[in-house]
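Please keep the sequence and the model in view while reading.

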Amino acid sequence: QNIDKKTRSSKDHSKIAAFLPARQLWKWLGQPYKKPTQKGRVKKSFYKSIQRGKEIITVGDSAVFLSTGRPDRPYIGRIESMWETSTNNKVVRVKWFYHPEETVGCPELKFPGALFESPHEDENDVQTISHKCEVLAFNKYEEKFGPDPKEYHFIYDNNDTYYLAGNYNPKSQCLKLDPSTPILK
């Protein structure tokens with residue numbers, strides 16, 4: 001009985017993991033650490049990184065998340081924290097970015113690849129993470145790809161590099177454009 005219990009508790013209880021081959025599953029990287037919890041709360045083991053093959057994602061990185069029917073606007077978020085619950089669920093807390101098309105009041109931007117930081121956060125299964133991406137300040141984005149916006153349409157098609165165009169609060173529909181973000185006049 002003890003062996004059966006131990007085997008069951010060490011399995012990945014992710015609903016998404018059941019649909020993915022084992023080689024495509026994210027695994028914890030490094031040693032877990034505990035945070036003080038309130039009385040009666042589920043104990044969590046926090047981790048700083050996950051790994052799949054050679055790819056490593058660490059707290060603070062930005063990532064593309066699995067989504068259906070949105071190839072032009074993938075879900076993109078910044079990893080805030082990651083933990084495993086006492087029932088062996090792997091959880092990630094994500095702070096979401098919004099695409100210009102998902103905002104209200106966004107002017108027409110000169111360059112594709114813009115994202116808006118938001119206060120929108122939630123928790124998801126770690127296995128919903130597709131892969132790492134970059135969200136750069138606009139000057140770093142332009143440094144990487146050059147000053148001609150016409151060239152970006154080819155670059156942007158299959159690229160996982162975005163730039164931070166400002167902030168957007170979806171509840172209040174308040175958009176604040178970063179002063180360095182070029183717009184079409």
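Reader: How many helices and strands does the chain have?

Author: The structure is a predicted model. Read along the sequence, its elements follow the pattern α-β-β-β-β-β-β-β-β-β-α-α-β-β. The chain has three helices and 11 strands.

Reader: What percentage of the residues in the chain are buried?

Author: A residue counts as buried when its relative accessible area is under 20%. The chain holds 185 residues, and the buried share of them is 39%.

Reader: Among contacts between residues at least 6 apart in sequence, what percentage join residues at least 24 apart?

Author: Contact here means heavy atoms within 4.5 Å. Among the contacts in the chain that link residues at least 6 apart, the share that joins residues at least 24 apart is 62%.

Reader: Which strand does S6 join through seven bridges?

Author: S6 has several pairings. Three bridges join it to S2 in the antiparallel sense, with Tyr 47 opposite Met 82. S6 also pairs antiparallel with S5 over four bridges, where Phe 65 has Tyr 75 as its bridge partner. The seven bridges, again antiparallel, lead from S6 to S7.

Reader: Which residue in the turn of the hairpin of S6 and S7 has a positive phi?

Author: Most residues other than glycine have a negative phi. The hairpin formed by S6 and S7 has five residues between the two strands, and the residue in the turn with a positive phi of about 70° is Asn 88.

Reader: Does Asn 88 count as buried or exposed?

Author: Asn 88 is placed in the loop between S6 and S7. The cut-off for a buried residue is under 20% relative accessible area. Because its relative accessibility is 14%, Asn 88 counts as buried.

Reader: In which sense, parallel or antiparallel, do S9 and S10 run?

Author: S9 has an antiparallel pairing with S5 over four bridges, in which Ala 63 has Lys 132 as its partner. Towards S10, Leu 136 has Tyr 163 as its bridge partner. Four bridges join S9 to S10, and the two strands run parallel.

Reader: Which strand supplies the largest share of the lining of the second largest pocket?

Author: The second largest pocket holds about 180 Å³ of space. Of its 14 lining residues, Phe 65, Tyr 75, Ile 76, Trp 96 and His 120 lie nearest its centre. The lining divides into eight nonpolar, four polar and two charged residues. Its largest share, three residues, comes from S7.

Reader: What separation, in Å, lies between the C-alpha atoms of Pro 32 and Tyr 47?

Author: Pro 32 is in the loop between strand S1 and strand S2. Leaving out residues up to four places away in sequence, Pro 32 touches Ser 45, Phe 46 and Tyr 47. Pro 32 and Tyr 47 are 15 residues apart along the chain, and their C-alpha atoms are separated by 5.0 Å.

Reader: How does Gln 173 count: buried, partly exposed or exposed?

Author: Gln 173 lies in the loop between S10 and strand S11. Its phi is positive, about 55°, although Gln 173 is not a glycine. Buried means under 20% relative accessible area and exposed means over 50%. Because its relative accessibility is 46%, Gln 173 counts as partly exposed.

Technical notes
Residues numbered from 1 in each chain as written. Predicted model: local features only at pLDDT ≥ 70, side-chain atom pairs only at ≥ 80, totals over all residues. Heavy atoms only, no water. 1 Å grid on protein atoms, 1.4 Å probe; cavity = no way out; pocket = protein on both sides within 12 Å on 5 of 7 lines; lining within 4 Å. Points joined across faces, edges and corners; volume = space filled by probe spheres on them. Nonpolar A, V, L, I, M, F, W, Y, C, P; charged D, E, K, R; others polar. Pairing = 2+ DSSP bridges. Buried < 20%, exposed > 50% of the residue type's maximum accessible area, 1.4 Å probe, protein only.
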